[in-house]
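Hello,

Please find below the structure I said I would pass on. My notes on what was found in it follow directly after.

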Amino acid sequence: MSKRLSQSLRGAGVLALMTVMGAPASAEEINYVIGSVGNAVEAFKETVKPWEEETGHTVSIVTMPSSTSDQFAQYRLWLAAGTSDIDLYQTDVIWAPQLADHFVDLTEAAKDLAPQHFESVIESQTSDGKLVALPLFTDAPALYYRKDLLEKHGKEVPTTWAELTATAQEIQDAERAEGANDLWGFVWQGNAYEGLTCDALEWVKSFGGGQIVEPDGTISINNPQAVAALEQAAAWVGTISPEGVLSYQEEEARGVWQTGNAVFMRNWPYAYTLSQGDDSAVKGKFDVAPLPMGDGEGAQSAATLGGWNVAVSKYSTKQDIAIDLALFLASPETQRTRSLLESKLPTVPELYEDQELIDNMPFLPAWKEVFENSVPRPSAPTKGKYNEVSAKFWSAVHDTLSGRATAAESLEILEIDLEDIKGGGW
Amino acid sequence: MPDINPNTAPALATPAEPHKGSPSLQRQRQRAAFWFLAPMLIALFCVAAWPLMRTIYFSLTDATLSNLYDAKFIGFQNYLQVRELSSGRTIYRGTLVDPDWWNAVWNTVRFSVVSVAFETVFGLIVALVLNAEFKGRGFVRAAILIPWAIPTIVSAKMWGWMLNDQFGILNDILLNLGLISQRIAWTASTETAMKAVLIVDIWKTTPFMALLILAGLQMVPRDMYEAAKIDGIHPVKVFFKVTLPLIRPALMVAVIFRMLDALRIFDLVYVLTPNSSATKTMSVISRENMIDFDKFAYGAAQSTLLFGIIAVFVAAYIWIGKVDLSGEKSR
Amino acid sequence: MSNRSLLNTMGFYALVVIIVVFACFPFYYAIVTSFATGTQLFQVQYWPQQLSWTNYNAVLGNSTFVRSLFNSLFIASLTVGFSLLLAVTASYALARVRFRGRGLLLMTILAVSMFPQIAVLAGLFELIRFLGIFNTPWAMILSYVIFTLPFTVWVLTTFMRDLPVEIEEAAIVDGATPWVIISQVFLPLLWPALVTTGLLAFIGAWNEFLFALTFTSSETQRTVPVAIALLSGASQQEIPWGPIMAASVIVTVPLIVLVLIFQRKIVAGLTAGGVKG
């Protein structure tokens with residue numbers, strides 16, 4: 001019954017597509033679904049205006065809760081039902097590869113545009129050689145540090161995790177001796193959720209321990225460097241980081257930091273503007289640096305790639321127009337407008353030199369370096385199984401951090417679990 | 001009904017239906033009953049039966065959300081499948097041998113029993129208080145409904161904030177009162193995560209219980225209490241001998257529906273401690289598989305099992321609690 | 001003796017105070033938070049530091065939020081009306097008419113409540129698209145029946161069964177039809193149960209999130225919980241606590257008003273007489 005139903009719906013879609021292609025170019029209404037974050041909706045209306053004026057089409061916006069899990073579930077359901085109500089989807093960096101089957105391959109359409117963006121961003125949106133989404137803006141975390149406290153205690157900005165641990169411990173002890181009882185050395189995101197995958201991927205990668213699943217699909221997580229990375233992080237809990245860090249997401253970490261109760265914080269760029277707010281206890285007292293690196297062979301600074309992209313639905317009845325809109329939204333000019341309007345980080349390297357943008361976003365130059373070390377989560381190789389892989393990874397890490405298993409043990413189990421999920425192939 | 005012992009109360013001992021009517025009257029009543037039931041049954045069939053059957057069907061296929069309509073029928077493999085490895089060893093796969101699933105079952109059952117027990121006791125206390133006459137009763141009645149009235153997604157987040165280890169008010173209060181010596185990370189640690197969920201759930205749903213029990217109490221004729229008072233019977237004895245038996249039907253129904261809700265608990269856990277294995281319930285794990293992990297059929301199988309487990313619980317409850325379904329006995 | 005009764009009264013009022021404090025404290029804290037802005041949100045406050053209406057202005061200045069309040073009001077009222085109508089008639093048949101398979105029928109109705117919401121989502125989504133009511137209030141009204149109806153039917157059946165048989169017999173002797181018995185005789189006696197179940201069903205429909213999110217796509221059709229979820233900070237990671245709390249306070253107020261209006265009916269109970277037979 002419902003199979004027939006959906007087939008007839010799709011049939012209707014094909015019919016509509018033929019009418020569109022047969023008819024002369026007329027003004028169409030394109031449906032664009034977007035998470036309602038901040039002034040994203042208003043800013044989107046503003047950015048898309050030139051395109052609407054040029055083509056005569058209109059874009060109608062469908063808003064989604066800012067909670068990404070609700071948003072993703074809704075996308076899945078819409079795409080599963082093959083709905084033609086939505087033409088373009090704004091997707092999180094890890095989504096498009098998982099939903100690749102439902103999206104149009106943009107390789108051909110974007111062959112001139114793609115090389116202008118950061119390579120790692122394009123790589124993160126390529127699944128099986130198919131470019132499934134185009135980047136709109138990006139996101140990458142950095143190390144926030146308290147300039148005043150480092151100066152007071154005569155410390156340098158740490159470049160390795162070992163230095164960070166030592167510095168954080170020393171300052172924490174000294175400040176507590178002076179009565180600042182609530183001060184902690186380092187806060188980050190330790191809750192069992194996607195954010196922990198990001199944090200832990202950075203530790204592992206910075207120790208030269210690979211990126212969980214390599215781009216070619218090999219499971220690389222069970223290695224001594226990864227074990228060393230997790231052991232290091234587990235030692236923070238209860239020493240330089242509060243026990244409660246195991247339930248922290250971004251906002252909890254920012255809360256501790258912004259009330260002046262942390263020396264270091266790992267967080268995304270959004271915290272920068274907020275920490276500079278007038279009522280912030282750390283206003284003017286902090287700066288950012290790339291995240292520290294680990295020890296051993298292949299050690300480097302690593303920052304997990306975030307950000308949002310736009311994908312074109314396969315079930316759209318106005319695909320050509322939708323692709324045109326996607327190309328417009330991802331173009332360097334539009335990205336520049338977006339950065340000016342919303343302070344979002346562009347994915348085009350040259351925009352990081354743009355003086356007007358730097359005036360608008362003083363932290364921009366600092367983040368260029370961060371991006372050069374950005375590492376994508378393994379959603380491209382693992383495709384539809386990414387969420388399961390990520391959940392297994394963060395639970396293994398969470399178990400290690402909370403002391404329920406040793407790092408070596410949980411990574412060994414994780415490897416077996418991932419092999420199981422992989423089965424015959426991703 | 002001046003007799004205060006309900007078991008011998010004549011009015012309650014007779015069947016609920018008038019039995020004086022002629023056979024044709026009886027037939028007329030049955031015809032009317034059919035027409036009264038039909039709209040409800042049609043409505044329920046549309047919104048419930050069809051989606052339920054779809055889900056059960058999906059649980060027997062290899063459907064994923066990316067590929068919902070071209071799914072193959074694979075029998076009970078999502079529940080249990082036996083595979084022989086090339087080495088000759090047999091392995092078992094499927095929900096029924098999935099430790100995560102059984103962990104979720106255990107979490108859910110534990111959660112439901114504890115929360116419903118507390119909610120029933122607290123609900124009774126609150127209902128008894130509200131049933132008494134005192135100044136400001138209207139205000140109190142509105143006040144106790146507040147927890148139930150706040151959308152779960154909001155109250156769960158609100159509690160998450162209040163339970164925060166660094167800037168949560170609960171830790172601050174407990175510290176100031178000297179009840180704890182250091183801040184507790186309520187939702188982070190595996191020992192306290194379940195307690196946190198229980199606290200919030202009991203806070204949130206006690207009003208539901210209280211209100212249903214209160215409605216039951218309101219239907220108990222006042223003169224029963226007066227009769228008991230004149231006879232000088234101790235209030236506690238009156239409660240157990242008179243009030244409780246009389247509100248028992250209402251109480252039983254309230255408990256059934258709370259139990260059903262508790263066994264399916266989803267949003268509170270999903271918002272408060274989304275990925276903690278100490279609190280992951282059946283609904284949460286089923287959603288995780290259906291949506292997040294793109295194993296729709298596997299999640300559908302878990303939903304079907306959840307349905308089965310709840311059915312067993314309800315059947316046991318009705319049997320043990322001697323809930324009179326048809327209303328024909330014990331009256 | 002009088003000392004003891006004084007002690008009893010004090011104990012009683014102490015209990016009342018404890019109950020009210022426990023029930024209301026989180027709501028009070030929400031009010032406090034709704035007046036806070038910026039870094040204040042991360043500090044423990046026992047009373048509002050300032051009376052800043054910024055958050056309220058932000059929420060109420062948003063026309064879609066106001067619109068969603070009316071959507072919720074409409075959907076929840078209709079859901080309650082619809083389910084009470086179906087439930088009263090059905091529970092009369094289930095409680096007062098003898099026919100075979102009554103217990104089984106009640107069990108089946110209950111079984112509807114045994115499936116997790118998420119499991120019926122895909123099927124309901126298909127049904128709603130098939131009926132062409134996607135993105136209309138009717139999608140919600142129809143789907144909310146799934147959790148309001150079994151509950152109302154069961155509760156009303158229990159209450160209706162307890163009504164003394166003499167009243168109905170008297171009505172039958174007077175030649176009343178079943179419909180007259182329901183509407184003229186039983187309904188006035190059932191007020192406490194009706195108001196209580198209606199209120200609980202209303203709150204259930206008012207607070208429902210998953211269906212409301214899935215079955216709507218335009219802002220003008222959203223309901224309150226979805227509208228609250230749509231509130232967001234300036235970036236993906238930021239959570240706008242102030243506006244969320246202000247919105248929660250705003251959406252809880254109509255429910256409190258509702259309780260205050262209907263509470264007389266809850267109290268009325270059976271003391272009005274007539275039942276004593």
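Asp128(A) sits in the loop that links β4 (126-127) to β5 (130-131) of chain A. Its phi is near 55 degrees, a positive value in a residue other than glycine. Most residues other than glycine have a negative phi.

Please bear in mind that this is a predicted model.

The loop in question runs between α11 (282-292) and α12 (296-320) of chain B. Is Asp294(B) buried or exposed? Asp294(B) counts as buried, because 23 C-beta neighbours lie inside 10 Å and the cut-off is 20 or more.

Next, the sheet in chain A. Five strands make up an open sheet with mixed pairing, and their order is β2-β1-β3-β12-β6 (chain A). The edges are taken by β2 (58-64) and β6 (134-137) of chain A; each has a single partner strand, so one side of each is left without a neighbour in the sheet. From one strand to the next, the twist averages 30 degrees. Strands of a sheet pair through backbone hydrogen bonds, either parallel or antiparallel. Strand β1 (residues 29-35) and strand β3 (residues 88-92) of chain A run parallel and are joined by two bridges. Opposite Val33(A) stands Tyr89(A) in β3(A). Helix α2 (residues 40-55) of chain A lies across β1 and β2 of chain A, at about 160 degrees to β2(A).

Chain B has a strand pair too. Strand β1 (residues 81-84) and strand β2 (residues 90-93) of chain B run antiparallel, with four bridges between them. Glu84(B) stands opposite Thr90(B) in β2(B). Five residues lie between the strands of this hairpin, and Gly88(B) there has a positive phi near 95 degrees.

On the nonpolar core: the largest one has 318 residues. Among those with the most contacts inside this core are Leu88(A), Tyr144(A), Phe186(A) and Ile213(B). Which helix gives the largest share of this core? Helix α6 (residues 137-161) of chain C does, with 16 residues. Leaving aside residues up to four places away in sequence, Phe186(A) touches Leu164(A), Ala168(A), Trp236(A), Ile240(A), Ser241(A), Ala262(A), Val263(A) and Phe264(A).

Chains B and C also meet. In this interface, 82 residues of chain B are in contact with 90 residues of chain C. Helix α2 (residues 23-58) of chain B gives the most to the chain B side, with 18 residues. That side divides into 59 nonpolar, 13 polar and ten charged residues.

Last, the confidence of chain B. The pLDDT of chain B averages 81, and 91% of the residues score at least 70. Within chain B, helix α3 (residues 99-131) has the highest confidence, at 92, and helix α1 (residues 10-13) the lowest, at a mean of 34. Residues 1-16 of chain B have a pLDDT below 50, and this stretch has 28 contacts in the model beyond near neighbours in sequence. Where pLDDT is low, the predicted coordinates should not be read in detail.

Regards

Notes:
Residues are numbered from 1 along each chain as its sequence is written. Chains are lettered from A and ligands numbered from 1 in the order in which they are written. This is a predicted model: local features need pLDDT of at least 70, side-chain atom pairs count only at pLDDT 80 or more; totals for chains, interfaces and linings use all residues. Two strands pair if DSSP finds at least two bridges between them. Axes are lines fitted to C-alpha atoms, for helices over the stretch in contact, and angles run from 0 to 180 degrees between N-to-C directions. Two residues are in contact if their C-beta atoms, placed from the backbone, lie within 7 Å. A nonpolar core is a set of buried Ala, Val, Leu, Ile, Met, Phe, Trp, Tyr and Cys residues joined through C-beta atoms within 7 Å. A residue is buried if 20 or more other C-beta atoms lie within 10 Å of its own, exposed if 12 or fewer, and partly exposed in between; C-beta atoms are placed from the backbone. pLDDT is the predictor's confidence in each residue, from 0 to 100. Ala, Val, Leu, Ile, Met, Phe, Trp, Tyr, Cys and Pro count as nonpolar, Asp, Glu, Lys and Arg as charged, and the others, Gly among them, as polar.
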